[in-house]
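Please keep the sequence and the structure in view while reading.

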Amino acid sequence: MRRFHLVEFHELSRFPATWRNLLTDVMSYFAEGFRPYHPVSGKLWAAMQACGARSIVDLCSGAGRSALTVAREIAARHGVEVSVVLTDKYPNLEAFQRAARERHGTVTIIDTPVEATDVPGDLDGFWTMFTSFHHFRELEARRILANAVRQQRGIGVFEYTERNFLIWGPTILAMPLFVWIATPFIRPFSWRRVLWTNLLPIVPLLAAWDGLVSCLRTYSPAELLALTPTHAPERYTWEAGRLRSFGACRITYLLGWPAPT
Ligand SMILES: C[S@@+](CC[C@H](N)C(=O)[O-])C[C@H]1O[C@@H](n2cnc3c(N)ncnc32)[C@H](O)[C@@H]1O
């Protein structure tokens, strides 16, 4: 199936921050509960070691838990405490601050907007993008990868969505119900969350629509490789593929890293 770039509501600049934050909270609840990205920790850590990186700069962090669960998995499997910088164009500040409190010393938050196509050079670490590279059309996606090369950063793109409706069709249909049922269990409990989910089902419908569009936008491994810069390729190693996650879910990934200097 070809790629369709329809609108996702939560990426619009005028979209209410409350609804966007409730959505990214649900995504973090999912990331903690189902740990879809655990299988990428080995490859990510190997790429980080190959270029001498010891910290992660997570772009498009949302509420941050995708990156944090992977950092925790690296610590559990390899005995290395990797520090994580959380960034986003629309930072979910409550979630960022909670993560920084819980993981005191290993999590740094950037509370001002960080645009993924224009990452400041003073953010030192291996760039990661979880469930977010599909936000970018080809031109912007190429720019992100080219900027990583220009700044000599490693970069890892990871997506659990894909253009496969056998895998994602039933999940998208069940999504509103899942969000509705899960919401009272999301911590910290908040009446605002219950209002916009269980009483007025904005967040469940938003999750279903943006989830569907995310699937339609997700690049395949071959498409990801085709977006990588062709200049100075000898200094960079690029690898793309798919890894099995829980159930039928698969992680599509792209990893790129420079040779150590
Ligand atoms: C689908 S959420 C993924 C959140 C998180 N990475 C996760 O796995 O749960 C996408 C995130 O990308 C952010 N975002 C969208 N466009 C962006 C841009 N141009 N630059 C930086 N962040 C962006 C949104 O604010 C949102 O938090």
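## Contacts to the ligand

A backbone N or O atom of F130 lies 2.8 Å from a nitrogen atom of the ligand, a polar contact in the sense of a pair of N or O atoms within 3.5 Å. A nitrogen atom of the ligand is also 2.9 Å from an N or O atom in the side chain of E115, while a polar side-chain atom of S66 is placed 2.7 Å from a ligand oxygen atom. Taken alone, the ligand exposes 600 Å², and the protein buries 97% of that (accessible areas by the Shrake-Rupley method with a 1.4 Å probe).

The model is predicted, with pLDDT of at least 70 needed for local features and 80 or more for side-chain atom pairs, whereas totals for chains, interfaces and linings use all residues. Residues are numbered from 1 along each chain as its sequence is written, and side-chain values use heavy atoms, leaving out hydrogens and water.

## The surrounding shell

The ligand is surrounded by 18 residues (each with a heavy atom within 4 Å of it), and C60, S66, D88, E115 and F130 are the closest. Helix α1, residues 17-34, gives the most to this shell, with three residues (helices are DSSP runs of H or I with at least four residues, strands runs of E with at least two).

## The sheet

Seven strands form an open sheet of mixed pairing, in the order β3-β2-β1-β4-β5-β7-β6 (two strands pair if DSSP finds at least two bridges between them). Because β3 (107-109) and β6 (236-244) stand at the edges with a single partner strand each, one side of each is left without a neighbour in the sheet.

Methods. A polar contact is a pair of N or O atoms within 3.5 Å; within protein, one must be able to donate a hydrogen and the other to accept it, and residues adjacent in sequence count only if both atoms are side-chain atoms.
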